[in-house]
Amino acid sequence: SRGIAAGGYQAKSWHIANKLGYETLEQLERKAELAFSAGQTALAFEVKEQLFAEKEKLANFIRKYSELGPLNIYTKEHFSAFFQVIAEIQKETGNVSGIIGTDLIADAAVKGSITTNEVEEWFDMVKQMDKALPNVKTVPIHTSPYHNSGANAVQELGIALATGVYYIQRLLDNGWKIEEALEKLLFHFPIGSNFFMETAKLRAARIIWDKAMEAYGAGKDARKMVISAETSNFTKTVFDPYVNLLRAGNEAFSAVLGGVQFLSVSPLDEVTGKTTSFSERIARNTQLILKAESHLEKVTDPAGGS
């Protein structure tokens, strides 16, 4: 339950992957440059339609940051279009890694519907991406829609497990081997304000996933759960941004004790729809303080035995 490495973060720290908000590609480029110069280690954003207006510029932007670290990119309905851009970069450089994809079921929960055609297209894309992008996880399981609609930790875990098992079963039905399928999976959890419960949620998630995949006959290493996390949107308020700052810090601490591999801390004014360079810097520094001043990457398992 302590994470994917026996020594905690001592061999490999978690990635600072704060999600960058943007309106235009130029704004995204500016924000990424500033973030990476100030401690960010993974490029993270949600794909929007406007990025494809200048495909060449988009490709150059992704190319630059894929050399600096892993990507953590949620594509939503732009899975196919974004894959075409990424596949070209991988052909040239061979160093694209991280997470690129969308959770079909979570998207359908938000949208309210899903068609058989969409499901088949999605599995086809995952198959293509497996060949073209061997080091990229393309099947993210996102519990954000459920968490932000009020699901508690137990419900979130139940939904994550059910979604994960569904994807694994479908991939096996499509002729994949269990280890190959697990290589593509990753779990993304929002972290709420109930400090001990949220740490317990992540640690329990690893245990129940390990047990479920053991039943499928997967090897010990293949069963290790890779976790990406974000501070909760549900717990934030428009009326008191500095309370948001405290809550996000508390949630980030909880996530690190739970053993995440990627973490996004939301800026204190994110719920207003407009963030500032100040609030984005504070969000980044929250993680840097946990690393450098709280020494959480130096202790093997701070929550061990609790």
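Which helices and strands each supply at least two residues of the lining of the largest pocket?

Reply: This is a predicted model, in which local features need pLDDT of at least 70, side-chain atom pairs count only at pLDDT 80 or more, and totals for chains, interfaces and linings use all residues. Residues are numbered from 1 along each chain as its sequence is written, and side-chain values use heavy atoms, leaving out hydrogens and water.

The elements in question are the helices α1 (25-37), α3 (79-93), α4 (104-111), α5 (116-132), α6 (144-147) and α11 (277-292), together with strand β8 (DSSP runs numbered from the N terminus: helices H or I, at least four residues; strands E, at least two). The pocket (an open set of 1 Å grid points over the protein atoms alone where a 1.4 Å probe fits, with protein on both sides within 12 Å along at least five of seven lines; lining residues have an atom within 4 Å of a point) has a volume of about 1,400 Å³. Its lining comprises 50 residues, and Lys19, Glu46, Lys48, Tyr74 and Lys76 are the closest to its centre.

Two of the contributing helices, α3 and α5, also pack against each other, at an angle of about 10° and with their axes 11 Å apart (lines fitted to C-alpha atoms over the stretch in contact; angles run from 0 to 180 degrees between N-to-C directions). The two helices α3 and α5 are therefore roughly parallel (under 35 degrees). On the α3 side, Phe79, Ser80, Phe83, Ala87 and Gln90 meet residues of α5 (heavy atoms within 4.5 Å). Their counterparts in α5 are Trp122, Met125, Val126, Gln128, Met129 and Ala132.

Strand β8 links this account to the sheet. The sheet is open and has five strands in the order β1-β9-β8-β7-β6, with parallel pairing (at least two DSSP bridges between two strands). Its edge strands are β1 (15-16) and β6 (139-142), each of which pairs on one side only. Strand β8 covers residues 227-231 and pairs with β9, residues 262-264, in the parallel sense over three bridges. In this pairing, Ser228 has Phe262 of β9 as its bridge partner. Helix α10 (residues 241-257) lies across β7 (185-191), β8 and β9, and runs at about 165° to β8.

Methods: Points joined across faces, edges and corners; volume = space filled by probe spheres on them. Parallel < 35°, antiparallel > 145°, perpendicular 65-115°, else oblique.
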